[in-house]
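Here is a quick tour for anyone meeting this structure for the first time. Have a look at it, and then we'll walk through its parts.

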Amino acid sequence: MGRDLRKEPLRIGVLGCGSFMQRRILPAVSEVDTIKVVALHKRKLTEAQAVAKRFGVASAVDSREALLAHPDVEA
């Protein structure tokens with residue numbers, strides 16, 4: 001039997017967090033109990049950090065490789 005996502009949400013990384021992602025997707029995902037955004041990517045690290053802070057995301061990176069290698073990212 002698989003894990004109970006209500007108790008242990010799927011930890012995802014977001015590749016790219018432009019205006020649409022910030023206006024529509026991240027607010028919606030924050031309402032889903034079975035998903036938790038743990039890292040996000042934006043080309044400029046300072047912008048990635050600002051978006052992460054705004055949405056309560058623990059990590060921000062400025063490269064795809066760093067996002068994919070992040071130890072907390074499952075998907």
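Is Arg3 buried, exposed or partly exposed? Arg3 is partly exposed, with a relative accessible area of 35%. (Buried means under 20% relative accessible area, exposed over 50%, and partly exposed in between, using a 1.4 Å probe and protein chains only.)

## Before we start

This is a predicted model, where local features need pLDDT of at least 70 and side-chain atom pairs count only at pLDDT 80 or more, while totals for chains, interfaces and linings use all residues. Residues are numbered from 1 along each chain as its sequence is written, and side-chain values use heavy atoms, with hydrogens and water left out.

## Salt bridges

Side chains of opposite charge can pair when their charged atoms come close. Searching the whole structure turns up four salt bridges; the term stands for a side-chain nitrogen of Lys or Arg within 4 Å of a carboxyl oxygen of Asp or Glu. One of them joins Arg3 to Glu74, with the closest N and O atoms 2.7 Å apart. That pair ties together distant parts of the chain, 71 residues apart: Arg3 sits in the segment before β1 (10–15), and Glu74 in the segment after α3 (64–69). (Helices, H or I with at least four residues, and strands, E with at least two, are DSSP runs numbered from the N terminus.) Glu74 is partly exposed too, at 36% relative accessibility.

Arg6 and Asp4 also meet in a salt bridge, at 3.1 Å from N to O. Here Arg6 is exposed, with a relative accessible area of 67%, while Asp4 is partly exposed at 28%. Then there's Lys42 with Glu47, whose closest N and O atoms are 3.8 Å apart. Lys42 counts as buried, at 19% relative accessibility, and Glu47 as partly exposed, at 34%. As for shared partners, salt bridges join Arg3, Glu8 and Glu74 into one network.

## The sheet and its helices

Strands of a sheet pair through backbone hydrogen bonds, either parallel or antiparallel. In this model, three strands form an open sheet in the order β1-β2-β3, with parallel pairing (two strands pair if DSSP finds at least two bridges between them). β1 and β3 (59–61) are the edge strands, each pairing on one side only. From one strand to the next, the twist averages 30°. β2 and β3 pair over three bridges, and Ala39 stands opposite Ser59 in β3.

Now for the helices: α1 packs on the sheet, touching β1 and β2, and its direction makes about 145° with that of β2. α2 lies across β2 and β3, running at about 155° to β3. (Axes are lines fitted to C-alpha atoms, for helices over the stretch in contact, and angles run from 0 to 180 degrees between N-to-C directions; contact means heavy atoms within 4.5 Å.)

## The nonpolar cores

In soluble globular proteins, nonpolar side chains tend to be buried together. The largest nonpolar core has eleven residues, including Ile12, Val14, Leu26, Val37 and Val51. (Such a core is a set of buried Ala, Val, Leu, Ile, Met, Phe, Trp, Tyr and Cys residues joined through side-chain atoms within 4.5 Å.) Two or more of its residues come from each of β1, α1 (19–29), β2 (35–41) and α2 (45–55), and α2 gives the largest share, three residues.

Leaving aside neighbours within four places in sequence, Val14 is in contact with Met21, Leu26, Val37, Ala39, Leu40, His41 and Leu67. A second, separate core has five residues, among them Ala39, Val61, Leu67 and Val73.
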